[in-house]
Structure formats: structure tokens, C-alpha cells
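This report describes a structure for a reader who is new to it.

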Amino acid sequence: MGAFWKYLGNRILIFIITVFLAVTVVFLVPRWLPGDPLQSVYSKMAGVGGGAVSDELIAEYRRRFGLDKSTFDQYISFWRELLRGNLGYSIASFPTRVSTILRQAVPWTIGLLTFTTLVSWLLGSLLGAMVGWSDGKSKKLNALVPIALVLYTTPYYILAILLVFLLAYRWAIFPLSGAYTLGADKEWSWSFAMDVLEHAALPALSIILVSLGWWFLSMRSLIISEKGQDYILWAEARGLPKRRIFWSYAFRNALLPQTTGLALSFGHIVGGALITEVIFAYPGLGYVIYNSIQQLDFPVIQGTVLLLIVSVSVANLLIDMLYPIIDPRIRIGDGGN
Amino acid sequence: MNSVLEIIDLEVHFPTRRGPVRAVDGVSLTLHAGERLGLIGESGSGKSTIALAVMRMIKPPGKIVGGQILLDGVDLLTLSDEAMRRTRLAEVAMVTQGAMNSLNPVIKIRSQMIDGLKAHGVELSKSGYEEKLGELLTAVGLEPGVVDLYPHELSGGMKQRVCIATAISLKPKVIIADEPTSALDVVVQRQVMQTLRRVQDEIGAAVILIGHDMGLMAQFAQRVAVMRRGHILEDSEVHQIFANPKDPYTRELMESLPSFDRDTRFMQVIEEAAEEVAAVAAAQ
């Protein structure tokens, strides 16, 4: 058990270093970019008040957001606030807190991507395994290969635009954008749930179709290489039924790399399918990142990226912890031997 | 002695663009009950293909295009796929090459051995299986506790013993051992061969041992068939083969063995082989 705790300690140390480095980079890079995050605030005020904004007001705003201090001082105070759990205020949509923005966006992204990732992984893996196992004997199954290739090589945003054009614009079966009808009551009701599902259908479909192609092709080639394994040959020589050889020998072993792939893609869920969310104006984290970068909204960029890094790291840690369950050859703490 | 396995005029072809490659070309071979037959030959001579043909496990595009394989008078080539599946392990068991990788890496030994029993309708209680597996493992010199291990926790010799234990679990009439010791060091090789010999005696199965290790053959086989390019060149008693080989190729094979009391002709064999390769390359 000692080895396990040592391993966990190591991992947590690596985790802390990762977060530190990433947060530092994310803090610095937007500040090196040309442009002024307060620009949007000025133009808003100019629009309301008519005419130029006074120098005193600008100085006051810069002071409020700490932008008058040196980058180093800002960096220190950023960490001080972060350790207190304070991500600060959004500049572009002041006085909304960054944490509020994140809290509103996270459920949409996680809901959309957890579902699509799981569905495409399951479906792609099963179909790919079946096609790989039948190996050209079934014409119908084989027809799936070129389809999967086309799906896999299609950029998902192209597919998304195509879907919007056909199913939302031309035939108007699904809503064009958003995650729910504006003005609808956000409550736990049947009609609101249906509304949300209708809005999620197209973004979900575009993500599922494209990643399905990848999972399909990957599982197919894994199964084909499994068929050449000695243990498959010997299973057949023992007279095991085909079904048993497929599930417990070929599929079971091909599942190992495929599961690694799934776990890695779970790490990216929080990042969202950025462009998909932008195309569908889906209010998830991808959309938030896109907007905040456009507006140079430093605190929001920092907050979302921090969340991303933490979740990718946690996902990786979980994979490492869970992997020994599916592969008995891996034992935590054995690394040194 | 009555024959248990009779291979008559077997033809196994692999189609290529320049016509079929005759991996096994008109081979006839008889195996008597309880007999130990050695099948030797260089790589690509067709010996493993014969083994796979008897199991009816030739992979496409390879195909059995002619001949008969009679097991106790029944032609295996006429059986339905399902009947053939039932024949494997129960009647003809195989111990494969590549001892290191024959076991499924993610499943415990217990369930891999039980898989074979269940596939042939042996349904036992939990303790019944445990007892049966214990007996089988003890017979090959392993602890019954091995059932709780994963393949990577066993040595190469132990893995091959597990394979042998599984192969004898339904008391087959014929065991085909295709280079069962190829990946093992000489000490373990000897132990595995002794184990195979002992269990073969116990269940009275006939064994076809495939390989190219003359030393192992001399110790194990009663009769040896020599193969080259899909043909059987010579099929004689083991003493005959070693003392007085009839076929010129067999004679060369024997002379290539290192010996204390005569010079080897082994360089000459290699040179001839090189010339053959060059001839094939030139023909293309």
C-alpha cells in the first residue's frame, strides 16, 4: 500500500506543477497581445453617454481591474485571489463574476459532450469490431468502411454547417441555434426538457458522426490485428465458440487501447467542441472561451483555461488509477521494478 | 496397430498471382494409436500447415483443395463447422508455437481452462471445476494455485505446461504439438518435453511433434517423417532416420548435425540453400 501512496503523491506533485505552469502561461499570453480589454467597456459607455469617455473614468476603470499595476504585481495578486477561490470579475460583462459565467456554461458543455463522446465511442467501437471481425465477408458491413473514412476526414465544423443549412434552415426541423428557446422558463418540466433536446440534436449529431468515424476505424484495425494473435489461434484450436472468442479474447483485448483513447478524450470534454458551440451559439465553455478571447477578457480566459487544465489533469489521474482494473498486467507502484 | 489418424493425399494451396503455392502437396501420413511421430523439415516446408489442416484452421486465402483427413475413419473435411469445433480439443488437441503468447493476457488461467471444458459441454459445479483443473495442473507438474494467476505472472515453461494441461483436459486421441518448446531455454525445453511424454503415456494419446530440433526428435519420437517443399521425403523409424537415412536430403540434414567424430557438411547445405534463393529471385 505504501507504493500506492507514494505514487499518488508523485502524481499530485506533477498535477500542481502542471497547473502552476499552465496558469502562468495563460496569465501572460493574453497580456502580450495587442489590444485593450477595456475597449468594449469604453464603446458601450460612449454609446450610452454620447461622446468621448473622460480620461479620469478610464484611469478609474484601469485601477479597478488592476491594469494600472505592473504585470508582475498583477500576477501576484492574481495568485493571491485564486488561492482564496476568487476568480475575479469579467471585464467585458462587468459586474458578472467569472465563477458565475463558468457555472452557467459548464453544464451545457458537459451534458452535450459526455453524451456525444459516450455514444460515438460505444457505437463506433461495436461497429468497428464487427466489421474488423467479419473481415470482408459481409458486403453490407464492409460498406461502412468508406462511410467512416469520409466522416472521419470531414472537419466537424463543415459537417455542422451542413447540418444547420439542411436540417435547420432548408427544412427547419431543428432550431438554428442556442441551447433552449429564449424566454423559456428554465425549470424541470417536460416541455423544457424537450426544448433542450431539440436544440442539442444538431450539435450532438455533428460531433457524434465525426468522432464515430474515428472510433470505428481505430477499433476495426485493432480487431484485425487481434486476429493474428497467438491466443486467438489457440482459442480456436480449443474449439471455443466464435462468439466467445470474439467477446472475451479479441474484443476484450482490443478494448484496452480503445479505452485509453476514450479516457483521453474525456479530458477534453470541458474544453468543449469549440467551433461546434460557436456555430450553434451553444452556451457552453467553448463559446465562452471564444468570446472571452475576442474581447481580451483576461479574467474569463484565465478562469476557463484553469478549469480546463484541472479537469484534463484529473481525468488523466483517474485513467491511471482505473487502468489496472481493465489490464491486470499494470500494477500501480510497480513502476520501479 | 490400428491407425487413429490417416492423412491421404492432402493438398493445401495458397493462391498467388503466379499460380497456387502448394504448401502441402499430396501428403499421406498415418498415425497409429498412442504413437509418437516426429515431423521435421526446414521453415516453409509445410509441416505447420499440415497441423492447421488437421485442425481445419487454414486461414484464407489458403485452402485445403484435396485429400482426406480420417480421424478414426471419419473424414474431418466433411464435418460441419460446428461438428469440427466440437472435435477440436476433445478429439484432436493442439499445443501451439509461441508458448509466450498463447494465453489471453487479461483473463486468469482458471477461466481460460474452463473455457475449453465449457465449449465441449462439460458443466461442473464450481468446486468440480476447481478439482478438475487441480488434477490437470498437477499432472503437468504445476501447483493447483496457478489457476488464480494471470499469464504474465507465469514463466514461459509454466505457460506451456498450462497449454499442455488444457490440451489433455478432454483426453484427446491425438495431440499435435507444433514446436512446443521453440521459445524456451534448453533446460525448460527438456522439462516440457518430459511432461508431454508423461501425460501422453497417461491418457494414451498419439502425438505429432513438429519441429526442427533433431535432438528433441531423437529423444521423443518413435517414427520421424521428413518434409520439404510440401512433400514427405522419408517416413521411417527414428533409429533408421539417424543411422541410415534413405533420402539424400535427409542424409544432408543428418550430416548437418554437429558431431564429435566427423566433419559437418553444414556450410554446403547453406550454400545450396543460398543458390536456391538466388534461383527463385532470378525467376521473378
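## Aromatic rings

Rings of Phe, Tyr and Trp (its six-membered ring) pair if their centres lie within 6.5 Å; planes under 30 degrees apart count as stacked, over 60 as edge-to-face and the rest as tilted. Over all chains, the structure holds 14 aromatic pairs. One of them joins Tyr152(A) and Trp214(A), with centres 5.5 Å apart and planes at 35 degrees, so this pair is tilted. Tyr152(A) lies in helix 7 (residues 144-153) of chain A and Trp214(A) in helix 9 (residues 190-226) of chain A, 62 residues apart; helices are DSSP runs of H or I with at least four residues, numbered from the N terminus.

This is a predicted model: local features need pLDDT of at least 70, side-chain atom pairs count only at pLDDT 80 or more, and totals for chains, interfaces and linings use all residues. Residues are numbered from 1 along each chain as its sequence is written, chains are lettered from A in the order in which they are written, and side-chain values use heavy atoms, without hydrogens and water.

## Contact between the chains

The contact (heavy atoms within 4.5 Å) takes 29 residues from chain B and 21 residues from chain A. Together the chains bury about 2200 Å², 61% of it on carbon and sulfur atoms; this is the accessible area (1.4 Å probe) lost on being put together, summed over both. In chain B, Pro105(B), Val106(B) and Asp115(B) lose the most area to chain A.

Two salt bridges (a side-chain nitrogen of Lys or Arg within 4 Å of a carboxyl oxygen of Asp or Glu) are counted between chain B and chain A. The side chains of Arg244(A) and Asp115(B) form a salt bridge at 2.8 Å, N to O.

Note on methods: Buried area = accessible area lost by both parts, 1.4 Å probe. Helix = DSSP H or I, 4+ residues; strand = E, 2+ residues; numbered from the N terminus.
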